[in-house]
Each structure stands twice: as C-alpha cells, then as structure tokens.
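This report covers a helix, a strand and a group of aromatic side chains. The sequence and structure come first.

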Amino acid sequence: MTAVITGMGLFTPVGRGAEATFTALTSGRSGLVRPPEGHPARESLEVAGVLPPIDPRDVASGPETKVLDRIVLLALLTAAEALADAGIEVGRDVDPGRIGVIVGGVGGMATLETQVLARAARGRAAVSPYLLTGILPNMPAARIAIAHGIRGYSSAVGTACASGAQSVADAVRLIRAGEADVVVCGASEAPLFPTFADTFGNARALARGWADPTEASRPFDKRRNGFVLAEGAALLVLERAGHAAARGVTGYAEVAGYGATTDAYHPTAPRPDGTGAAESMRRALASGGVTVRDVGYVNAHGTGTRLGDIAEATALGQVFGVGGVPVSATKALTGHLLGASGVLEAAATALALGRGLLPPTYHLDDPDPDCPADHVRTLPRATTAEYALTNSFGFGGQNVSLLLRRVAGDCSGSRRGDSRAEPEWSSPRRPATRPAE
C-alpha cells in the first residue's frame, strides 16, 4: 500500500506552515538569532533557532498547564494544523480506530529541570502533581489522540535526532501493513534551556564565534565549527493512497520507502566510513523499488559538525558516486531541531519535488574538500526529479532515510476532486480549505 503526505503542520524558526517555511528555505531567510534578553538559554547559547512564546492557555486549560511542557504545546498546535491541512476530521473523514499517531522527541526535560530546581529551593511541596502528564515522552502523542479522538495505534519514538524521520517510517509501516488508513506522525522538540544547552556547549558541539548569528550554521563548509540548537515541531498526515483518492485528495508527495540501520560504533560519533548511513539509504531505495539513477535530490542531515558532515558525504559517495546527485542541507537556515529535523526536512523535500525547486545550502561559501558532492548552493535549483531522499542520523548510531516520490498535480495538500466515496460510518462532510498557493 502507498502512503501519501496529505497534510503538514510546521512550526519552525523560519516560519509557520508549509508556504512560509518553504519560501524561507528557497529565499535564504534565516531563523537563527541571538537568544533575546530574558530567554532562559541566553547565557548558554550564542545563537539558536528560537520560536515566539506560546501561552499554554491557548492550547489547554486547567492547573496542569503550568507544567505542560513546550514539546506538548508545539505538538498539539502542529497536529491540529496538519489535520486541518489534510481536510481530516476524525469520525467524519476517517474511522477513529483506523487513524494512528506517532510523535518523536526527547521528552519534556525543560519542565523537569524547572521542577527539580523548585524542589531543591522549596522542598517536595513545590513539585506539581501534574508533572508526569506534562513531560512524559508519550504525552505529545497521547494528548493529540485525546484532542482529536484518535483511537488507533499510538506511540512515542525516542531515537535522538532520527526520531521524527523514524516516526514517518513507522507510519509507512503501519499503512503498508493495513493497520491504519491515516497516521499523524512527526516530532516536537523544545531544547532551549540551560542544562541541555550547556551539555552541548561543554562538549564543544555548538557553533561559536560568529558575529552574525545567521551565518553560524554552515553544513559542509570548510569554516563550520558546530551545529546551532533550535526548537520547533513538524507533524505530517500520512494517508493510504486509496483512502486519500476516495476523498478526492492528491497530497504533497508519496513516502515511497524508508531505510533504517544502526552504526553500532559510538554513543555520539558517526561511523567514519559512512557504511551505516550508506546502508540506510540503500534500504530506502530497495523499499521503494528504485535505483540510484531514479533519485534526483538528497536533503542531507548536514548539521555542520566536523565529523558528521564528512561521514555523510562519504556515505553519499558510496551510494551515488561523488557528485552523482544534487545535495543540500536546510539546517543552514533552520538550525538543528534535533528529532524534529528529520520530519521538517521530509516536508521540505516533498515541497521541493512538488514545486520543482531545490533549496540550496546557504553559507556554503567554501565547500570542504573532505565533503565532495554536487552541492546545491547560493541559489535554488530547478528540478524535474521524481524521487528524492532525506537523511536523519542520531546519537547512538541511529540512521533513517526516507524516499519521497513526486505526485501528479501541483502539490497543494488537501486539494479535492469532485468525486468522493463516502465510507459507511462517515457523517456528511464539510468542504476542506485549500492551502494558500
């Protein structure tokens, strides 16, 4: 069975929603800034991908909102947007038992930090009885299910920076197995708090010393000196192609295949020879029944770290040959959203295929000779590619590659035709809103 992306909910440092995000990625509008005065991570981070504040009362209600972590708020907002973009209301457009939700991320550690400090200062009475339901890793998925009446498969994925991409892969697996018609999948991350920022800073993994924060993230560039930590969320609606067609929906792109491997090498460093990442890409191609000649673009993991970029370029060379496929890394503008990066980049890749325009790697002024590739740089590049890959690699040696395929039409999400087959359990449907073009 084929899985199609029919909805997107994006809340990113470069914009909110598919249109604003893709416009930023193809025009060079960076989301990287010096954290503003009063930001909890200002003293820990020189530069970050920062979102505007969110009032929990706009998303939820009751005393638990005081300890409802930002990951949950972001997930709820983006899931609602993704379902609306797909034109799906649970119980009207899909059987509640045939829709699932899979959300990745590291869990609500910022709220945990706040509560630990409060207990240290004021004793056990300072700890909220609602703490666990505000921070557990499964809470984004659980609260999305509660908010929308989703009664099918539900899970949380914790494979570090590969979490979002693996959530998408797991959604494809569910649809292919016939266990779901629709899956809301992706990741939500809110890592901009002191302890989390300091662990990366003390490990010397973060970009530093850049007078202009927008230039700090430089994947594959000779002057790169680390990644830029960012927050955000990206949720997709994946739908069985036949189910989408019955609703008259074309979708953005097909997720044609996926691959996943483990380096089994080191807790933080990638396997230097790139073999784990290369095998992940090969498995994605095999899963989609295509060859390297069919792929016209790779959205790289490309974080801007010294070892990671070289290992990925090495892997790309093993699969495609040096310069064998156009490559770009959108983290140059968004920063690294950790687990949410992979699903954000899958969304960007779907939009690139649908609109025939590849986003470049900005700030790639002097490509590192140890990272040889056909880098898309400086300006967007027109493409007629039918297939593209997007890579996500995480601590622990987690490798996930997604294979996307362009669909016929103009890539407009919840576009509907005139012919709709109504399932027996469905109530009369309201017309869906077509996203702005």
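How far apart are the end C-alpha atoms of helix α2 (residues 70-86), and what should its 17 residues span at 1.5 Å a residue? The model is predicted. The 17 residues should span 24 Å, and the end C-alpha atoms are 24 Å apart, so the two values agree.

## Helix α2: burial and ends

Of the 17 residues in α2, 12 are buried, which leaves the helix mostly covered. Among the buried residues are Ile71, Val72, Leu73, Leu74, Leu76 and Leu83. Thr78 and Asp85 also belong to the buried set, as do Ala75, Ala79, Ala82 and Ala86. The cover over these buried residues includes the strands β1 (3-12), β5 (99-104), β7 (182-189) and β8 (232-240). It also includes the helices α4 (131-135) and α5 (139-148).

At the start of α2, a side-chain oxygen of Asp69 comes within 3.0 Å of the backbone nitrogen of Ile71. Just after the helix, Gly87 has a positive phi of about 70 degrees.

Strand β5, one of the elements covering α2, is itself mostly covered, with six of its six residues buried. Ile99, Val101 and Val103 point one way from the strand, while Gly100, Ile102 and Gly104 point the other way.

β5 pairs with β7 in the parallel sense over six bridges. It also runs parallel to strand β6 (residues 154-157), to which four bridges join it. Val101 takes part in both pairings: Val184 stands opposite Val101 in β7, and Ser154 is the bridge partner of Val101 in β6.

In one of them, Phe200 and Phe395 are tilted, with 6.4 Å from centre to centre and 50 degrees between the planes. Phe200 lies in helix α7 (residues 194-202) and Phe395 in the loop between β15 (387-394) and β16 (398-406), so the pair ties together parts that are 195 residues apart in sequence.

Phe395, with a relative accessible area of 45%, is partly exposed. Both residues belong to one aromatic cluster that is formed by Phe193, Phe196, Phe200, Phe227 and Phe395.

A further ring contact involves a charged residue: Arg16 lies over the face of Phe11, at 4.4 Å from the ring centre.

Key:
Residues numbered from 1 in each chain as written. Predicted model: local features only at pLDDT ≥ 70, side-chain atom pairs only at ≥ 80, totals over all residues. Heavy atoms only, no water. Helix = DSSP H or I, 4+ residues; strand = E, 2+ residues; numbered from the N terminus. Expected span 1.5 Å × (residues − 1). Buried < 20%, exposed > 50% of the residue type's maximum accessible area, 1.4 Å probe, protein only. Contact = heavy atoms within 4.5 Å. Polar contact = N/O pair within 3.5 Å; in protein donor to acceptor, adjacent residues only side chain to side chain. Phe/Tyr/Trp six-rings, centres within 6.5 Å; stacked < 30°, edge-to-face > 60°. Lys NZ or Arg CZ within 6 Å of the ring centre and 35° of its normal. Pairing = 2+ DSSP bridges.
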